[in-house]
Amino acid sequence: MAVPERDVSDDGPATAVGPSLRVASPAGKWVLLTTVLGSSMALLDSTVVNVALPAIGRDLDASLAALQWTVNGYMLSLAGLILLGGSLGDRFGRRRIFVVGVVWFAAASLMCGLAPNVGILIAARVLQGVGGALLTPGSLAIIQASFHPADRARAVGLWSGLGGVGAAVGPFLGGWLVDGPGWRWVFLLNIPAALVCVPVALRHVPESSGPFDASNADSGRAAPRRRFDVLGAVLGAAALALVTYALIGARSSSVLVPVTAVVGVAAGVAFVRVERRRPDPMMPPDIFASRQFTAVNLVTLCVYAAFGGFFFLTALQLQVVAGYSALEAGTALLPATALMLLFSARSGELAQRIGPRIPLTVGPLLCATAMLLMLRVGKDASYVADVLPALVVMGLGMVTLVAPLTATVLASVDTGRAGLASGINNAAARAAGLVAVAALPVLTGMGSEAYRSADAFDAAFRRAMPLCAGVLVVGAVLAFTTVRRPAPDCRRPECRTHGSILAPPLEPRRTSHGTLGPTGPDTPGTGPTP
């Protein structure tokens, strides 16, 4: 039986309440509507912006570096703060932090939509990522804290599936908005979603925080609060930001570039030292004592670095070189996300039967093949003959590897730390993607105005795809040589349907007392949970 969680609503003193909602009940449907709306805002913005980049560049007279920052500003703050965001919900209330995240995200989206220049747009994108780090783990945590244990799996499945639909249609919707009312509506669309989400959350979503100490559950007393690892979060985000700045600025001769690179590496070293010495680290170093966990995260870095670079450059290639409209480019990307949405659950079931080693080897190789097939996409490329085969193979490769990747991450650590492992893996994937977006233009000799020239961009794209394919091959070799079949009684993923192309799904955490909550440190003494 689940241990009661603390009600931290503003209506009165804390009381012990248990998760009791049913999916079929009106209250359960309201909670699902709220969490799906909130998480879909963040999922949509991670996929629609790539399609809008050429229009943003033309309208704001932005360089390629500015377009890179438009993508990476969001990914940077989201990757750096997502672990901390889950812990904030534990401490201050999951509904409260979720609502703050939705409001923050909507305000930053309004700022993006009204941005008069690219500098303000980039700053607003960074703020969007902060909001995303609050609402993304919070939406799943609310489901886990609200629904009866018998209905939890179904609720998580509906949340994951409906959110996947949002991620899948993102490129298409973004293209339609760019060609129609304009690129600013890619961001402004979040405002009406938030106007629905916030009042519904405040009225219909029960507040909770936790976990509770099982020995004190009857008295309603919470477990002792632990400190947040703010220093770790700041150092981790700073290291990512400085290294990203150095990579994007490497084309210039500014003295700031080597300085920021050195300071970024130093911040990364300081982050590792702080995490080793803190009693309550955000990312406990001892979790990497599992060789399987370390290996599968290295595979994750390879796979999602290639994915981040691929989808960033492909959206531009289709418009700048092949001459597609934004809507055509967004529609062209649908097969990959649609295949993920339709078959990710079945892929996970297959991996349970045959083990993860083969899927994690074959999947990256299929994706590498797809990237080499993209070399056929040039001026006046045929969608059916040139673009579609590559994206179908890409989708099949992602279907093959993403669900087994998540399952292997969860199986490689103790059950009580599965949520933390999932959060680390998700953050690693996002960090790999933003580093790839920063580094690929430098590695391929892409100039700051390359996206304005079809010939220049096409030449760089043809150098980039083999690089991405090579990184995927490295990931496949790592998987083949290091990944082993997990124990039969290990933790299995609850989010079995997934449509996001830029990060693996987040999984809820299971505390040592049996309660379920958001991604974050899982057990007493391992992180900033109450």
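A cavity here is a set of points, on a 1 Å grid over the protein atoms alone, where a 1.4 Å probe fits but cannot get out; lining residues have an atom within 4 Å of a point. Grid points are joined across faces, edges and corners, and a volume is the space filled by probe spheres set on the points.

The model is predicted: local features need pLDDT of at least 70, side-chain atom pairs count only at pLDDT 80 or more, and totals for chains, interfaces and linings use all residues. Residues are numbered from 1 along each chain as its sequence is written, and side-chain values use heavy atoms, leaving out hydrogens and water.

Searching the whole structure gives five cavities of 30 Å³ or more. The second largest cavity holds about 100 Å³ of space. Its lining includes Asn 50, Met 75, Tyr 304, Phe 312 and Leu 434. Two or more lining residues come from each of helix 2 (64–92), helix 10 (291–321) and helix 15 (418–443). Helices are DSSP runs (H or I, at least four residues), numbered from the N terminus. Helix 15 gives the most, four residues. By class, the lining has eight nonpolar, four polar and no charged residues. Ala, Val, Leu, Ile, Met, Phe, Trp, Tyr, Cys and Pro count as nonpolar, Asp, Glu, Lys and Arg as charged, and the others, Gly among them, as polar.

Now the loops. Most residues other than glycine have a negative phi. Asp 61 has a positive phi of about 55°. Asp 61 sits in the loop between helix 1 (26–60) and helix 2. Asp 61 is exposed, at 61% relative accessible area; exposed means over 50% (1.4 Å probe, protein chains only).

Asp 380 also has a positive phi of about 55°. The loop between helix 13 (357–373) and helix 14 (383–411) holds Asp 380. Asp 380 is exposed too, at 72% relative accessibility.

Definitions and conventions:
1 Å grid on protein atoms, 1.4 Å probe; cavity = no way out; pocket = protein on both sides within 12 Å on 5 of 7 lines; lining within 4 Å. Buried < 20%, exposed > 50% of the residue type's maximum accessible area, 1.4 Å probe, protein only.
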